[in-house]
Amino acid sequence: MLVVDFGAQYAQLIARRVRELNVFSEIVGHRLSAAEMAAKHPAAIILSGGPKSVHVDGAPSLDPAVYDLGIPILGICYGAQLIAQQLGGTVGRGMKGEYGRTELTRNGASLILPDEAPGEHECWMSHFDGVTEAPAGFTVTASSPGAPVAVLENDDRKIYGVQFHPEVKHSPFGMGAMARFLHERAGIANDWKMASVIDEQVALIRERVGGARVICGLSGGVDSSVAAALVHKAIGSQLTCIYVDTGLMRKNESEQVVETFRRHLGIELIHADEGASFFEALAGLTEPESKRKAIGERFIRVFEKHTGGLTEAKFLVQGTLYPDLIESGGADGTAAVIKSHHNVGGLPDDMELELIEPLRDLFKDEVRALGTELGLPDEMVWRQPFPGPGLGVRIIGEVTPERVALLQEADAIVREELKNAGLEREIWQSYAALLADVRSVGVMGDERTYGHPIIIRAVTSDDAMTADWARIPYETLEVMSQRIINEVAGVNRVAYDITSKPPGTIEWE
Ligand code: XMP
């Protein structure tokens, strides 16, 4: 089914919820013509919410011929207002608006609201304008204090609209309404499953690759790991993975990558153990951009060095995900590849390889489910996002092997204690940073110390664009602090970073 995007990322959440109902969904831009939409043979169409008013100039609209395709349509919020406006109803201007929890009152039998939803129930609204008069042929089956037409339905034309947001958790009957629309009104079976994604992709990859050789750059992160495991399932020993070990990974992470891929999954893996050459390239550099540049350049050289022998390779696997392809705010729905190759500065431009991107239809949580289905261990599937330049951007000052070793120990304590507190999966990213250029006075036992501070950073986020500092219990912070100071020589102070993003960034560099 198609989700038509009217901006501001409402469409992504809707598409995910639809997939949770085991129906495959794809996001498209609102500028697509009715013919272009029809060519995708959707079983249903959902019109998403959007940030604009239908009354402003240039407000995103829909090819009106879409309403005549005979494909069931559900409009959500802005989408519902657009239906009303385009089909001859009225959308009020400058109404009071409703934001947040709102009481919805049923006015009659509904074919969209679930039967178990009571006559009055809570839902989540976020609107200024609202439909005041439904178009001819529509019945109004629910209203709210600020939205006289909160649910409108035309079962003959199979067009429905809801002013509330069924896709958010604060609308307890929202998923029920989406399920009713998809399964009952549009008659779509709930049979889209991860296992079928694997079968489908395996067949596609085999057909495309034939007998050719394929390479995959592993970063140790979730996306490239799952992509590699999936391609390996399809073509086995025709796949060679390359893991560029920069020496800047977290404690034990490189060992784990090698162990999982080589021993556990039996994938042919080149472990480019190049830490020493990265440290050499980083010697004397203190400025963040020059450090990043040095790491990026070294990465490309190392990759070239190790793939140089694989001259017969024709394909390169990349762990591009669906959100990487959707432009932020994607009102135009024009897919643009945002993720540049790999975590680190990108791969050589002159590599003439065709891309295999087996995860490009999937969201992060689906990729995790797929990884588990493919037999990847939890530590890998649930790994936090990690910057390509690794601990190189978490050491403020020059990066040396000694400092990386120190930081790895402190960082491992932060991770261990978060795990012990059961907070791992609630947190987007958590780590320790080393202020290598700063020293302060302390006292341990009878001795005066002059050591470096460690900064603990832990944030909650949905997409890394914005983030908030995680409210970690004091007790957990206390254990982290005590352990770091007692166990990591050279550190005599621990601070917790309470900066949100913006204005801060997630990484310290
Ligand atoms: P900032 O620090 O800008 O980070 O708030 C946003 C997200 O991006 C990650 N990050 C990187 N990821 N290569 C990457 O693949 C990089 O060079 C890089 N720098 C930052 C960061 O960890 C966070 O998730």
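## His127 and its surroundings

The side chains of His127 and Glu98 make a polar contact at 2.7 Å; such a contact is a pair of N or O atoms within 3.5 Å, where within protein one atom must be able to donate a hydrogen and the other to accept it, and residues adjacent in sequence count only if both atoms are side-chain atoms. The side chain of His127 also reaches the backbone oxygen of Asp129, at 2.6 Å. This is a predicted model, in which local features need pLDDT of at least 70 and side-chain atom pairs count only at pLDDT 80 or more, whereas totals for chains, interfaces and linings use all residues. Residues are numbered from 1 along each chain as its sequence is written, and side-chain values use heavy atoms, with hydrogens and water left out.

His127 is placed in strand 7; helices (H or I, at least four residues) and strands (E, at least two) are DSSP runs, numbered from the N terminus. With a relative accessibility of 3%, His127 counts as buried, where buried means under 20% relative accessible area, exposed over 50% and partly exposed in between (1.4 Å probe, protein chains only). When neighbours within four places in sequence are left aside, the residues in contact with His127 are Cys77, Gln81, Gly97, Glu98, Tyr99, Gly146, Ala147 and Gln163; contact means heavy atoms within 4.5 Å. Of His127 and Tyr99, the C-alpha atoms are 6.4 Å apart in space, while the residues are 28 apart in sequence.

## His121 in strand 7

Strand 7 spans residues 120-127 and includes His121. His121 counts as buried, at 6% relative accessibility. The side chain of His121 reaches the backbone oxygen of Pro118 at 2.9 Å. Apart from neighbours within four places in sequence, His121 is in contact with Thr102, Glu103, Leu104, Arg106 and Phe173.

## The ligand shell

The ligand is surrounded by 11 residues, of which the closest are Arg292, Gln429, Lys501, Ile506 and Glu507; a residue is near a molecule if one of its heavy atoms lies within 4 Å of it. The shell comprises four nonpolar, four polar and three charged residues. In this classification Ala, Val, Leu, Ile, Met, Phe, Trp, Tyr, Cys and Pro count as nonpolar, Asp, Glu, Lys and Arg as charged, and the others, Gly among them, as polar.

A polar side-chain atom of Arg292 lies 2.6 Å from a ligand oxygen atom, and a polar backbone atom of Ile506 is 2.7 Å from an oxygen atom of the ligand. At Gly388, a backbone N or O atom lies 3.3 Å from a nitrogen atom of the ligand. On its own the ligand has 490 Å² of accessible area, and the protein covers 75% of this; accessible areas come from the Shrake-Rupley method with a 1.4 Å probe, and for residues only the protein chains shown count as cover.

## Salt bridges

Across the whole structure, a search finds 32 salt bridges, each defined as a side-chain nitrogen of Lys or Arg within 4 Å of a carboxyl oxygen of Asp or Glu. Arg16 and Asp365 form one, with their closest N and O atoms 3.6 Å apart. Arg16 belongs to helix 1 (residues 10-20) and Asp365 to helix 11 (residues 364-373), so the pair ties together parts that are 349 residues apart in sequence. Arg16 is partly exposed at 30% relative accessibility, as is Asp365 at 35%.

Glu122 forms a salt bridge with Arg101, the closest N and O atoms being 3.6 Å apart. Because Glu122 lies in strand 7 and Arg101 in strand 6 (residues 98-106), this pair ties together parts that are 21 residues apart in sequence. Glu122 is partly exposed at 35% relative accessibility, whereas Arg101 is exposed at 53%.

## Packing of helix 8

Helix 8 (residues 275-282) contains the buried residues Gly275, Ser277, Phe278, Phe279 and Leu282. After helix 8 comes Gly284, which has a positive phi near 85°.
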